[in-house]
Structure formats: structure tokens, C-alpha cells
Amino acid sequence: MPTAIELAEQFQVSLVGDGSFSLQGLAPLERAQSSQISFLSNPLYRQQASDSAAGGLIVSKADLDFLQANPGGSSAGRVFFVSKNPYATFARMAQHFAMASAPVYAPGVHPSAAIDSSVSIPASCHIGPFVQIGPEVKLGERVVLLGNTSVARNSSIGSDTLIYPNVSLYSETKLGERCIIHSGAVIGADGFGFAPDFSATGAEWVKIPQTGAVVIGNDVEVGASSTIDRGAMSDTIIGNGTKIDNQVQIAHNVVVGNCCVIAGCAAISGSTKIGNFCIIGGAANFAGHLTIADRTTVSGNTSIIRSITEPGQHYTGVYPSMPHSAWEKNAAILRGLDKIRQRLRLLDKSK
């Protein structure tokens with residue numbers, strides 16, 4: 001078990017307390033034991049932190065001052081890791097402890113894998129059962145492809161990338177280093193592009209060939225069953241450090257900047273450009289051909305139909321929930337708003 005001083009040095013935080021104290025993992029405030037670490041990032045939970053049995057706490061300087069002034073019954077001998085960003089420090093420590101129990105994927109190629117003869121697999125890679133790898137695919141070092149994953153022609157996967165089972169990478173897909181792609185994700189499928197051709201003699205939606213690619217940067221995570229479509233002629237691009245939740249749809253020619261987070265069931269229509277450091281809530285949706293400024297935050301269930309040019313703004317377009325009968329009454333009023341406006345104009349003219 002690491003000591004408190006070893007953890008403080010590794011994660012570059014200040015230590016208050018006995019540096020020789022050994023700690024074996026992390027736990028929530030209400031369940032943590034004397035050998036475990038918890039964290040406090042919201043002042044609303046200061047009293048709960050004071051009462052916690054945790055042997056170590058990750059805190060800000062302000063929270064440390066409060067806890068030292070208001071010690072709980074289980075705080076004797078506790079050590080404090082003082083951080084400017086307790087939540088991020090907690091995440092990094094959690095990664096450290098999780099590595100001890102993480103699966104180890106031994107290098108090697110399962111005999112059931114189908115690999116084109118043009119592909120050279122680095123000896124450090126793990127290729128699981130029934131994986132399919134097409135012609136001219138390039139793999140970096142320590143890539144892990146788990147069972148039933150398919151990597152199509154002329155794709156590339158950067159070093160230390162982990163791809164869980166049943167992922168489909170279509171042709172020309174480019175993945176950076178240290179990416180994580182969760183089960184069921186489909187990257188590089190055709191974008192939804194059709195040209196209408198309707199006449200008196202017939203009707204047809206004419207398919208537009210999707211000849212672009214998907215290019216994903218380093219340190220990107222893509223959630224389970226999410227889909228990222230290939231570009232029509234140019235590429236769909238996902239920037240470095242972006243994190244995409246489960247069941248997200250990203251359409252053709254979309255560009256997502258660096259270090260964005262996109263929550264579950266969000267949908268981004270074709271050719272929209274999302275800036276850097278944007279936060280997109282669950283089930284938010286974007287019309288096509290928009291430009292979204294850097295550091296924009298969009299609340300869940302919000303529909304964005306116009307470009308956002310001013311950076312750092314927060315947009316919300318969600319009506320609070322209400323009983324259905326009340327919603328029906330409000331909807332009836334909305335249908336009559338035009339008539340109400342006309343009456344108000346007549347009243348103004350009569351004054």
C-alpha cells in the first residue's frame with residue numbers, strides 16, 4: 001500500500017498529517033474506512049466530510065481550514081491532500097488505484113483472428129478472438145483489440161489505444177494514441193446524405209457517396225453504442241482529449257474541438273463545427289452547418305438551431321416538467337399567441 005507522502009509527491013499536492021500513513025484505495029465519504037481516501041469538492045458536504053471515517057481526504061485549502069476548525073469524531077490521525085482541484089486529483093488517484101485491479105491483456109494474437117496478410121502486428125499488441133483486420137491497417141504499440149472488433153481497410157490505430165468488443169471501424173478511420181472505444185461503437189459509417197430527385201414520372205433519393213474519413217485525436221474516449229459518421233468529401237474530426245458518452249450521434253463532416261465533453265444521446269447534425277472546451281449536456285441537439293464558439297456550455301435537451309459566436313456562454317432551452325393536463329392548457333395558449341398579439345396591437349392603436 002502506498003504511503004500518504006508517496007501519493008502526495010506523485011500527484012503534486014500538499015500533505016497535512018502523517019506522511020508514513022498507508023492507504024489502500026478510495027471510497028465515498030459515507031462509506032470510507034480509516035485505510036481509505038475520499039474527497040471533498042463541494043462545500044455543501046463539509047459536515048459529511050468532517051464526520052467521515054476516511055483516513056485521508058482530498059480537499060481545497062478553504063475546506064481544509066473548515067475541517068481543522070470543526071473536527072469530527074473520526075478525524076483523529078487523518079491526513080489531508082490539499083489540492084487546487086480536488087475533483088481532478090481524486091480522478092487521478094482513482095486511476096492509480098484502479099490499475100491494480102484492471103484486466104491485463106497479454107500481448108499476442110488469438111488464433112481465431114482474421115488478419116489480412118498486408119498487416120504487420122507489433123509484438124506488444126493484444127488481438128482478441130474473432131477480430132477482423134483488413135488490408136493496409138496500421139497498429140501502434142500496445143494496441144488492444146478485444147473480441148469481435150472489426151477494423152476495415154486502410155485504418156490506423158495509435159499506440160496504447162484500447163478497443164472493447166464488438167466495435168466497428170470502417171475503412172479510412174484514423175484513431176490517435178491512448179484512445180478508449182467502448183463496445184458497440186461504430187466509427188466511419190456512411191453519413192446521411194441523399195439528394196432529392198422528384199418528378200412527374202418518378203421519385204428517388206439519390207445517395208451521395210461518403211468518401212471522407214473519420215479522424216480522431218489523442219486521448220479521446222467514445223462511449224458504448226455511439227456513432228461517428230465519415231465525411232461526405234472532407235473528414236469528420238474529433239479533437240484531442242474529447243470525451244463522448246454513450247449513444248451519441250455525430251454526423252458527417254462535423255468538427256469537434258479539443259477537450260470537449262458530450263453527454264449521452266446528444267446529436268450533432270452534419271457540417272457543424274464545435275469549438276474547444278465545450279460542454280454538451282445529454283440529449284442536446286444541433287442543427288447542421290452551425291459554428292459553436294469555444295467554451296460554450298449547452299444544457300441537456302436543448303436544441304441549438306443558430307450559430308453561437310460569443311465564447312464562454314451557457315445556453316439552455318428546456319421547459320420545466322409539469323403535469324400533462326397543465327401542459328395541454330399551456331399548449332393551447334401557445335397556439336393562440338398570434339391572435340393575442342393581434343388584439344394587443346389593436347389596443348395599442350386605439351389608445
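Student: How many disulfides does a search of the whole structure find?
Tutor: The search finds 0 disulfides, a disulfide being a pair of cysteine sulfur atoms within 2.5 Å. This is a predicted model, where local features need pLDDT of at least 70 and side-chain atom pairs count only at pLDDT 80 or more, while totals for chains, interfaces and linings use all residues. Residues are numbered from 1 along each chain as its sequence is written, and side-chain values use heavy atoms, with hydrogens and water left out.

Student: Is Cys179 buried or exposed?
Tutor: Cys179 is buried, with a relative accessible area of 0%. Buried means under 20% relative accessible area, exposed means over 50%, and partly exposed is in between (1.4 Å probe, protein chains only). Cys260 is buried too, at 0%.

Student: What about Trp327, where is that?
Tutor: Trp327 is in helix α5, residues 324-335. Helices (H or I, at least four residues) and strands (E, at least two) are DSSP runs, numbered from the N terminus. Trp327 is partly exposed, with a relative accessible area of 49%.

Student: New topic. Which strands form the open sheet, and in what order?
Tutor: The order is β1-β5-β4-β3-β2, 5 strands with mixed pairing. Two strands pair if DSSP finds at least two bridges between them. β1 (14-16) and β2 (25-26) stand at the edges with a single partner strand each, so one side of each has no neighbour in the sheet.

Student: Which way do the pairs around β4 run?
Tutor: β3 (residues 36-39) and β4 run parallel, joined by 3 bridges, with Ile37 opposite Gly56. From β3 the chain crosses through helix α2 (residues 46-51) to β4, in a right-handed β-α-β crossover. Right-handed means that, with the strands pointing away from the viewer, the path from the first strand over the helix to the second runs clockwise. On to β5 (residues 79-82): 4 bridges join β4 to this strand, also in parallel, and Ile58 stands opposite Phe81.

Student: And β1 with β5?
Tutor: That pair is antiparallel, over 3 bridges, and Ser14 has Val82 in β5 as its bridge partner.

Student: Are the faces of β4 covered or open?
Tutor: Both faces of β4 (residues 56-59) are covered, with Gly56 and Ile58 buried on one side and Leu57 and Val59 buried on the other.

Student: How many residues does the largest nonpolar core have?
Tutor: It has 46 residues, and Leu145 and Ile250 have the most contacts inside it. A nonpolar core is a set of buried Ala, Val, Leu, Ile, Met, Phe, Trp, Tyr and Cys residues joined through side-chain atoms within 4.5 Å. A second, separate core has 13 residues, including Ile58 and Phe81.

Student: So what is Leu145 in contact with?
Tutor: Contact means heavy atoms within 4.5 Å. Leaving aside neighbours within four places in sequence, the contacts of Leu145 include His126, Val131, Val151 and Ile163.
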